[in-house]
Amino acid sequence: MTPSSEKVEFTGALGVRLAARLDRPAVPAVAYALFAHCFTCSKETRAATYVAAALAERGIACLRFDFTGLGGSDGEFANTDFSSNVADLVAAADFLRAEHRAPGILVGHSLGGAAVLAAAARIPEAVGVATIGAPAEPAHVLRHIPDQARIARDGEAEVVLAGRPFRIRKSFLDDVAGQRLAAAIGSLRKALLVMHSPRDDTVEIGNATQIFTVAKHPKSFVSLDPADHLLSRREDASYAGQVIAAWAARYLPTEAPAAPAPVSGKVVVQETREGKFTQLVVAGPHVLRADEPVDVGGLASGPSPYDLVLAGLGACTAMTIRMYADLKGLPLERVTVELRHDKIHAQDCAECETRDGKVDRIERIVRLEGALDEAMRAKLLEIANKCPVHRTLHSEVTVPTRLEG
């Protein structure tokens, strides 16, 4: 059962579209988490990606998004400051609350860690906050912004941060300098996990000491040695995610709602209630999702019902061709089947008996790899039409349906 990651979007605090990803477990989520990325970073950093994946593997869905003016989000970075980032986090929590469930866990990396500490009081459903390499005060970021005198003099200036140009305004400097997190940390009233590497040369580990000292219990500290500030190594980012997921499980429901029990010889489909159309499909020991695209009101968290029909026909076609080729000793290396479903006017279908209304048309393209001559290829194409699912689609099918329970 593999977690999924889907693109979503919502309106941020400044009224612009914010790009996001929602990482979901394969079964209904036990809770939701919200991730805040580092200063001038994006939702696609290693830290964001692997923390979200680790949470999804533990049954916790995680929303990670680009702050205003960064990554795939709209808006101008120059119009933002620390306060607007905090407000974007609250807007993200509002989105989760409206569309799914309010976040139970808040996770922040670097300045994003300071942001989730500041936002926590405005997200009452959150029971825990985890920080990764976070500064004790947002003003720490001023150490990494060049030309502050020019910004203060001219009101704004373009500076280079992490090799990229950004326009910084004096209002950003003033806002960051005026923030005080100690009171918010001391009155958090939520479980706190502080994670920091002693080798972090961007935000020194003394910041973790300050956060941990001010915070009240329950609080925990985990060293991320030998990681760097950005968790650049995959194994460091993955470790951080796994630790957060294990820690979060102590404060959230320990088990996901059970998937429908498998029934021999049957397929069981059950709503997850995560979205309007989201379904959990259980076929023997296999669990997958079904959904509809976003443009028709779904969450796009799985293939659509028609996609699943095409998948069944395609899989059956390839299997039938393979069985025949192996039986006859044909040099077939690989089969690929491409399918497309459309509804067309019956009068446009030369091979259809129906002449009125619309009919379903499935276009199937079979690609055969291997040293096959034309006679072999023709025979394998003939065999494709004999697959059991193909025959079912062409035969009379009854679907007796009854209510139960």
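**Group meeting talk: a walk through the model**

Okay, let's start at Ser110, which is found in the loop between strand 5 (105–109) and helix 3. Helices and strands here are DSSP runs, counted from the N terminus: H or I over at least four residues makes a helix, and E over at least two makes a strand. What we have is a predicted model, where local features need pLDDT of at least 70 and side-chain atom pairs count only at pLDDT 80 or more, while totals for chains, interfaces and linings use all residues. Residues are numbered from 1 along each chain as its sequence is written, and side-chain values use heavy atoms, with hydrogens and water left out.

Back to Ser110. Its phi is near 60°, a positive value in a residue other than glycine. Is Ser110 buried or exposed? With a relative accessible area of 8%, Ser110 is buried. The cut-offs: under 20% relative accessible area is buried, over 50% is exposed, and in between is partly exposed, using a 1.4 Å probe and protein chains only.

Leu231 also has a positive phi, near 50°, and again the residue is not glycine. Leu231 is in the loop between strand 10 and helix 8, and with 1% relative accessibility it counts as buried. That loop holds Pro226 too, and the peptide bond from Asp225 to Pro226 is cis, with omega near 10°. There's another cis bond from His217 to Pro218, where omega is near 5°. Pro218 is in the loop between helix 7 (206–214) and strand 10 (219–223).

Now zoom out. The protein chain has 11 helices and 15 strands, and its C-alpha atoms fill a box of roughly 80 × 50 × 45 Å along the principal axes. Of its 405 residues, 47% count as buried. A contact means heavy atoms within 4.5 Å. Take the contacts between residues at least 6 apart in sequence: 62% of them join residues at least 24 apart.

On to the inside. In soluble globular proteins, nonpolar side chains tend to be buried together. A nonpolar core, for us, is a set of buried Ala, Val, Leu, Ile, Met, Phe, Trp, Tyr and Cys residues joined through side-chain atoms within 4.5 Å. Which members of the largest core touch the most others? Out of 58 residues, they are Phe10, Leu34, Leu63, Phe65 and Leu89. Helix 2 (residues 82–99) gives the most to this core, 9 residues. Apart from it there's another core, of 30 residues, including Ala33, Ile105, Val107 and Met195.

Find Phe65 on your screen. Setting aside neighbours within four places in sequence, its contacts include Phe10, Leu34, His37, Asp88 and Leu89.

Rings next. Rings of Phe, Tyr and Trp (its six-membered ring) pair if their centres lie within 6.5 Å; planes under 30 degrees apart are stacked, over 60 edge-to-face, and the rest tilted. How many aromatic pairs does a search of the whole structure find? It finds 7. Phe65 and Phe67 have ring centres 5.0 Å apart and planes at 70°, so that pair is edge-to-face. Both of these residues are buried. Trp247 and Tyr251 make a tilted pair, 5.5 Å centre to centre with 55° between the planes. In that pair Trp247 is buried, at 7% relative accessible area, whereas Tyr251 is partly exposed at 30%. And Phe10, Phe65, Phe67 and Phe95 form one aromatic cluster.

Rolling a probe the size of a water molecule over the atoms shows where empty space is left.
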